[in-house]
Amino acid sequence: MRRYYFDIKEGDEIFPDEEGLELSTIEKVQEEAARSLADMARDAVGTLGTSGRQMSIEVRDDSGPVLHLKFTFAVERRRH
């Protein structure tokens with residue numbers, strides 16, 4: 001199995017994955033990245049304010065980039 005690294009980017013901050021995960025298919029890599037990004041979005045809900053936030057996960061293997069997932073979470077208040 002190939003080892004994949006899931007580097008997290010929140011705004012201007014990058015958190016490189018030093019350990020990685022061994023996964024058997026690119027579909028499993030995409031599922032893992034999507035699940036992680038959904039968890040990040042869920043955790044950010046309480047701290048969003050009204051400015052929003054952009055989050056992404058860059059997946060790489062030993063040969064280089066494999067997959068990029070991004071999520072923009074913004075709040076537009078219509079009334080208060």
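The following dialogue concerns a predicted model of a protein chain.

Modeller: In this predicted model, local features need pLDDT of at least 70 and side-chain atom pairs count only at pLDDT 80 or more, while totals for chains, interfaces and linings use all residues. Residues are numbered from 1 along each chain as its sequence is written, and side-chain values use heavy atoms, with hydrogens and water left out.

Colleague: What makes up the pattern of the protein chain?

Modeller: The pattern along the sequence is β-β-β-α-β-β, with one helix and five strands. Helices (H or I, at least four residues) and strands (E, at least two) are DSSP runs, numbered from the N terminus.

Colleague: Why is D7 called buried?

Modeller: Buried means under 20% relative accessible area, exposed over 50%, and partly exposed in between, with a 1.4 Å probe and protein chains only. D7 has 12% relative accessibility, so D7 counts as buried. The residue is found in strand 1 (residues 2–10).

Colleague: And why does I26 count as partly exposed?

Modeller: I26 has 37% relative accessibility and therefore counts as partly exposed. I26 lies in helix 1. Its C-alpha atom is separated by 32 Å from that of V75, 49 residues apart along the chain.

Colleague: Which backbone atom lies 2.8 Å from a polar atom of the side chain of D7?

Modeller: That atom is the backbone nitrogen of D17. A polar contact is a pair of N or O atoms within 3.5 Å; within protein, one must be able to donate a hydrogen and the other to accept it, and residues adjacent in sequence count only if both atoms are side-chain atoms.

Colleague: Which residues are in contact with D7, leaving aside its neighbours within four places in sequence?

Modeller: They are F15, P16, D17, S56, I57, E58 and R60, where contact means heavy atoms within 4.5 Å.

Colleague: What makes a set of residues a nonpolar core?

Modeller: The members are buried Ala, Val, Leu, Ile, Met, Phe, Trp, Tyr and Cys residues joined through side-chain atoms within 4.5 Å. The largest such core here has 13 residues, and F6, I57 and V59 have the most contacts inside it. Strand 1, helix 1 (26–44) and strand 4 (53–61) each give two or more residues to this core. Helix 1 supplies the largest share, six residues.

Colleague: With which residues is V59 in contact, leaving aside its neighbours within four places in sequence?

Modeller: V59 is in contact with Y4, Y5, F6, V29, A33, P65, V66 and L67.
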